[in-house]
Amino acid sequence: MSETTPSLKRRTFLAASAAAGATAAAGWPAAAAQAADTRPNVLVIVTDDHPKQTAWAIPKTRAWLTGGGVEFTRGHATTPLCAPGRSSIFTGQYAHNHGVRGNQHAANLNHHSTVQRYLQQAGYRTGLYGKYLNGWDVDDNPPYFDEFAVLAPPTYTNGTWNVDGTVQTINNYTTTVVKNRALSFLDRSTADTRPWFLYLAPYASHGPNTPEGKYADTPVPAWDGRPSVPEADRSDKPGFIQDATGTLADGRNIRTNQLRTLLSVDDAVQAVHDKLEALGQLDNTLVFFIGDNGFAWADHGWTKKSVPYTPVVEVPFFVSWPAGGLDTGTNDSRLAANIDIAPTILDAAGITPDAQYPQDGHSLLGSHRRTRVLTEFFKHGTGAGGPHTWASYIGANKQYTEYYQLHTDANGLPTGSGAVLFREYYDLANDPHQLVNKLHNATPAQEQALGIPALAAQLAADRVSSGSTAP
């Protein structure tokens, strides 16, 4: 891999695409698709609870998408929870804007604001295979997808699927089902020459992390943890972290099981790559690979997600598009996030999003470089335990987090006083494992020196931001 590039440079490819894009922006119906359509196909692969530092399990994925694409080394899940994160991928919006603040609130998603709606109405053939949104009723068809097999509830073996409107049990490992359905979808592109959008969402590496039979006992590389596993003194952390009990042995067990499930994902990605190559579609397919959120391997004693720490909010994030110039095997250190996927897709397809659905993300095809990214989490209900609602300002070398007296009600709306309950500040350059909360016992003068008043004011603005005002 070469060194970091300042921005992705989209190649000016096939002059005819300009005309195709202009037609698409006007809302091109499927019936009007042109044989010479040069807009890219779009493939989005979303893994589940997938942290970084898993390269061993996905070598074929990395060979394709980082060796022949771009790796965003600072890719983020803006809300480290499944349904909010996936809704942000679909809409390009923060959870406080798309309204799916928790896994119980999928009904709040306005499907008309999704990338699949834009693409379908612009003449794309659309497909979805795997997990959709938490709590999705398997009897319901996912809007704006022409072809689909939705796994609900998600599982690893013998799952219940809605296949193009027919609910059925498929007796197979579900990652294999996603792979086979994807390959069939791609085969149909030989007869249907419209550009396509394909969303693949295997259940791996979510708990219970059940590996495919052939990988059940595969040895994984040894792991001795990292300085945050476990952190010896957590007195500067919020109460729920002080009470966390995860050990290095727990982290090793989670890691082993996750890696084994990802081996099957790697096989599926390689099969999709080979199919695209055989069909002659590899060059003009824009591919994204991202985890919906990361996961803690007993970092700070925590063995879940939903917290603002780096292993949970940073995710694998790879992009490839040879026809668009994204085939150079580079690292990009810009602060990127799941909210950037939808704007990038629409940019590549020449589609302008509707003004009534402002996107918080930015196309990664240009030179835009954000100074910060907002991450946020909303506690559901008033039950004891677990993290409070929080929001976090993540910059290139610092992170400031506030926890609030807030929770979401049955409709997914925040309620409570909003009082700040706890704060954290980490120097990410000198303390990447977030061991020293510099606000613990800090004096007002020390807070001023850290720039906390300005960070708090910016975080307050970002929490209500929308569209062009978003970080």
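Student: Why is Phe-318 called buried?

Tutor: In this predicted model, Phe-318 has a relative accessibility of 1%. Buried means under 20%, so Phe-318 qualifies.

Student: How do you know that Phe-289 is buried rather than exposed?

Tutor: The relative accessible area of Phe-289 is 0%. That value falls under the 20% limit, and therefore Phe-289 is buried.

Student: What makes the pair of Phe-289 and Phe-318 stacked?

Tutor: The ring centres of Phe-289 and Phe-318 are 5.5 Å apart, and the planes stand at 15°. Centres within 6.5 Å make a pair, and planes under 30 degrees apart make it stacked; the pair is therefore stacked. Phe-289 belongs to strand E8 and Phe-318 to strand E9, 29 residues apart, and the pair links these distant parts of the chain.

Student: How many aromatic pairs are there by this rule?

Tutor: The count is 17 aromatic pairs. One of them, Tyr-156 with Tyr-203, is tilted.

Student: Why is the pair of Tyr-156 and Tyr-203 called tilted?

Tutor: The distance is 4.9 Å centre to centre, which is within the 6.5 Å limit for a pair. The angle between the planes is 45°. Stacked requires under 30 degrees and edge-to-face over 60, and the rest count as tilted, so this pair of Tyr-156 and Tyr-203 is tilted.

Student: What does the pair of Tyr-156 and Tyr-203 tie together?

Tutor: Tyr-156 lies in the loop between E4 and E5, and Tyr-203 in the loop between E7 and helix H7 (239-242); the pair therefore ties together parts that are 47 residues apart in sequence. Tyr-156 is buried at a relative accessible area of 2%, and Tyr-203 counts as buried at 9%. There is also one aromatic cluster formed by Phe-90, Tyr-132, Trp-136, Phe-145, Phe-197 and Tyr-199.

Student: How do you know that the charged end of Arg-117 sits over the ring of Tyr-118?

Tutor: The charged end of Arg-117 is 4.3 Å from the centre of the Tyr-118 ring. The distance limit is 6 Å, with a further condition of lying within 35 degrees of the ring normal. Lys-304 likewise lies over the face of Trp-302, at 5.2 Å from the ring centre.

Student: Which strands stand at the edges of the sheet of 10 strands, and why?

Tutor: The order of this open sheet is E6-E5-E4-E3-E7-E1-E8-E9-E2-E10, and the pairing is mixed. Strand E6 (166-173) and strand E10 (330-337) each have a single partner strand, so one side of each is left without a neighbour in the sheet. The twist from one strand to the next averages 20°.

Student: How do you know that E2 and E10 are paired?

Tutor: A pair of strands requires at least two bridges. Strand E2 (residues 70-76) and E10 have 6 bridges, in the parallel sense, and so they pair. Glu-71, for example, has Asn-331 in E10 as its bridge partner.

Student: Which helix packs on this sheet, touching E8 and E10?

Tutor: Helix H10 (residues 341-349) does so, and its direction makes about 180° with that of E8. H10 is mostly covered, with 8 of its 9 residues buried; among them are Ile-341, Ile-345 and Leu-346. Gly-350 follows H10 and has a positive phi, near 75°.

Student: Why is helix H3 described as largely enclosed?

Tutor: In helix H3 (residues 82-91), 10 of the 10 residues are buried, so the rest of the structure largely encloses H3. These buried residues pack against E1, helix H4 (95-98), helix H5 (115-121), E7, E8 and H10. After H3 comes Gly-92, with a positive phi near 75°.

Student: How does the span of helix H6 compare with the expected span?

Tutor: Helix H6 (residues 174-187) has 14 residues and reaches 20 Å from its first C-alpha to its last. At 1.5 Å a residue, 20 Å is expected, and the span of H6 is close to that.

Student: What makes E11 and E16 the edge strands of the sheet of 4 strands?

Tutor: This open sheet has the order E11-E12-E13-E16, with antiparallel pairing. Strand E11 (372-377) and strand E16 (420-427) each pair on one side only. Helix H12 (452-462) lies across E11, E12, E13 and E16, at about 65° to E13.

Note on methods
Residues numbered from 1 in each chain as written. Predicted model: local features only at pLDDT ≥ 70, side-chain atom pairs only at ≥ 80, totals over all residues. Heavy atoms only, no water. Helix = DSSP H or I, 4+ residues; strand = E, 2+ residues; numbered from the N terminus. Axes fitted to C-alpha atoms, helices over the stretch in contact; angles between N-to-C directions. Contact = heavy atoms within 4.5 Å. Expected span 1.5 Å × (residues − 1). Phe/Tyr/Trp six-rings, centres within 6.5 Å; stacked < 30°, edge-to-face > 60°. Buried < 20%, exposed > 50% of the residue type's maximum accessible area, 1.4 Å probe, protein only.
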